[in-house]
Amino acid sequence: MMKQKEYKFWFCTGSQDLYGEECLEHVAEHAKIMVAELNKSGVLPYEVIWKPTLITNELIRRTFNEANTNPECAGIITWMHTFSPAKSWILGLKEFRKPLLHLHTQFNMEIPYDTMDMDFMNENQSAHGDREFGHMVTRMGIERKVVVGHWSDKEVQKDIASWMRTAIGIVESSHIRVMRVADNMRNVAVTEGDKVEAQIKFGWEVDAYPVNEIVKAVDAVGKSDVNALVDEYYEKYNILLEGRDPKEFRDHVAVQAQIELGFERFLEEKNYQAIVTHFDDLGGLKQLPGLAIQRLMEKGYGFGAEGDWKVAAMVRLMKVMTQGMKEAKGTSMMEDYTYNLVPGKEGILEAHMLEICPTVADGMVSIKEQPLSMGNREDPARLVFTAKEGKGIATSLIDLGDRFRLIINDVDCRHTEKPMPKLPVATAFWTPQPNLRTGAEAWILAGGAHHTAFTYDLTAEQMGDWAAAMGIEAVYIDKDTTIRNFKRELMLGDIVYKEK
Ligand code: MN
């Protein structure tokens, strides 16, 4: 697994000195209790850190700037315990560059009917103070998440947890570096895009290397390292010899092991977290990287095929956002291949030549070797499996020439009706929401590509919030989609985002 950063979120409580020392002591005490309980809840994927109550312009500005430069801090959670005049927040907010969650909560859950007096009212007025704060964030046009409800409510905690993963995506996006091995596939449109604009918008660095430079790194991997990894494969995966010579089979698997190690060392040495390959430009590689790429994706690297650097970066982004998630079901590049159009059983068969990530596998993963109908290399070893059932999201980031658009489709994954014994690749099968006919029509109208970054473990809301933070258009295809409304959304996007 790739290294995971120990990110933290700062909890900043707003107040003012109008209500006296005793009140401010209570404010701090309450916020500390809330932070401790949130951390104890077991729901949040990252730790929350209590910060001293923010009561002056100067302190707010200093705290926000410290958050900007603190490499551990992935964002700030604000909450106004009392009234906190919003003009005090202007400079801090203006200079703040990290994700912001406005937690609209209050310390007590119930109105204390029997003891309620004006002291209590002055001390506990989030309904009042949070509106003042929210007004300013809106007026300043700052992107933020608002979560409403009592802080002990599991649903509220889950919303905070979900936003934390979005925030990680926002701060980690600018640490994604994609290595392109060779160029994009000739004549293909959707794998192309403006790399300079992608770096401006998302912070991604996308660099090309001649294929034979990475081949050198593969050739440099020693025999004993390769053998040890092949032994690991043979222990971990089911071997589908299917009549092939066992020695020849193992030799072909060893080629992939050597590619995995060589690629991984090259990526690590040069600090890349995602990679693209191209089946038509393999230089001195003996096989198209199949099993090797599948293993790298499993370790957390992003991948896109045929030079598709946007998908590679998106897969890496989703892997970062879902890191450390309990009971994660997986994240992978996918490709829309072929349909089942039988009424009541409609769906899209998802696969690729080889490179689907085994994190999405349902049960057994096997190694298979088979000739590739494209290219002129030896039969590549690949991992084969079928994907899990359940809800997921398929995303496609496209370059429309004047802007990027992220298309997000809720999909329902199922097992295919029957096995496909002659298909030598890993597969998934899903029905797009709201159904295949409307879902695919909307996808095509939006300009969605055939390669997608897919995950079971994030929601459309999380990816849409990420897109909003990046300042790009996001469109959703889900259970509520109708073509008439969807076309209006696309028209609206044309107006809003064209000049951005
Ligand atoms: Mn492809």
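**From a surface patch to the metal site**

Guide: Ile-111, Tyr-113, Met-116, Met-118 and Met-121 make a nonpolar surface patch of about 530 Å². The model is a predicted one. Within the patch, Met-118 belongs to helix H4, which covers residues 118–123. Its relative accessible area is 55%, and because the cut-off for exposed is over 50%, Met-118 counts as exposed.

Next, the open sheet. Five strands with parallel pairing make up this sheet, in the order E2-E1-E3-E4-E5. Strand E2 (47–50) and strand E5 (145–148) are its edges, each pairing on one side only. From one strand to the next, the twist averages 30°. Inside the sheet, strand E1 (residues 8–14) runs parallel to strand E3 (residues 73–80), and seven bridges join the two.

Now the metal site. Four residues coordinate the manganese ion: Glu-306 and Glu-335 through OE, and His-352 and His-451 through NE2, at 2.0 to 2.2 Å. Along the sequence, the spacing of these donor residues is E-x28-E-x16-H-x98-H. Glu-335 sits in strand E11 (residues 331–340), while His-352 is in the loop between strand E12 (347–350) and strand E13 (366–369); the pair therefore ties together parts that are 17 residues apart in sequence.

The backbone of Glu-306 deserves a remark. Most residues other than glycine have a negative phi. Glu-306 has a positive phi, near 55°, and lies in the loop between strand E10 (302–304) and helix H12 (309–321). Glu-327 also has a positive phi near 55°; its place is in the loop between H12 and E11.

The remaining donor, His-451, coordinates the manganese ion through NE2, and strand E18 covers residues 451–455. E18 pairs with E15 in the antiparallel sense over three bridges, and in this pairing Ala-394 stands opposite Phe-454. Strand E15 runs over residues 390–399 and is mostly covered, with seven of its ten residues buried. Another partner of E15 is strand E16 (residues 404–413), and these two pair over ten bridges, also in the antiparallel sense. Gly-390 stands opposite Cys-413 in E16. E15 and E16 form a hairpin with four residues between them, and Gly-401, in the turn, has a positive phi of about 95°.

One peptide bond remains. Most peptide bonds are trans. The bond from Gln-433 to Pro-434 is cis, with omega near 0°. Pro-434 is placed in the loop between strand E17 (428–432) and helix H13 (436–446).

Technical notes
Residues are numbered from 1 along each chain as its sequence is written. This is a predicted model: local features need pLDDT of at least 70, side-chain atom pairs count only at pLDDT 80 or more; totals for chains, interfaces and linings use all residues. Side-chain values use heavy atoms; hydrogens and water are left out. Two strands pair if DSSP finds at least two bridges between them. Axes are lines fitted to C-alpha atoms, for helices over the stretch in contact, and angles run from 0 to 180 degrees between N-to-C directions. Donors are N, O and S atoms within 2.8 Å of the metal (3.2 Å for Na, K and Ca); water is not among the atoms, so sites may look incomplete. Patches are made of residues with over 30% relative accessible area and no salt bridge: like charges are joined within 9 Å, nonpolar side chains (Val, Leu, Ile, Met, Phe, Trp, Tyr) within 5 Å. Accessible areas come from the Shrake-Rupley method with a 1.4 Å probe; for residues, only the protein chains shown count as cover. A salt bridge is a side-chain nitrogen of Lys or Arg within 4 Å of a carboxyl oxygen of Asp or Glu. Buried means under 20% relative accessible area, exposed over 50%, partly exposed in between (1.4 Å probe, protein chains only).
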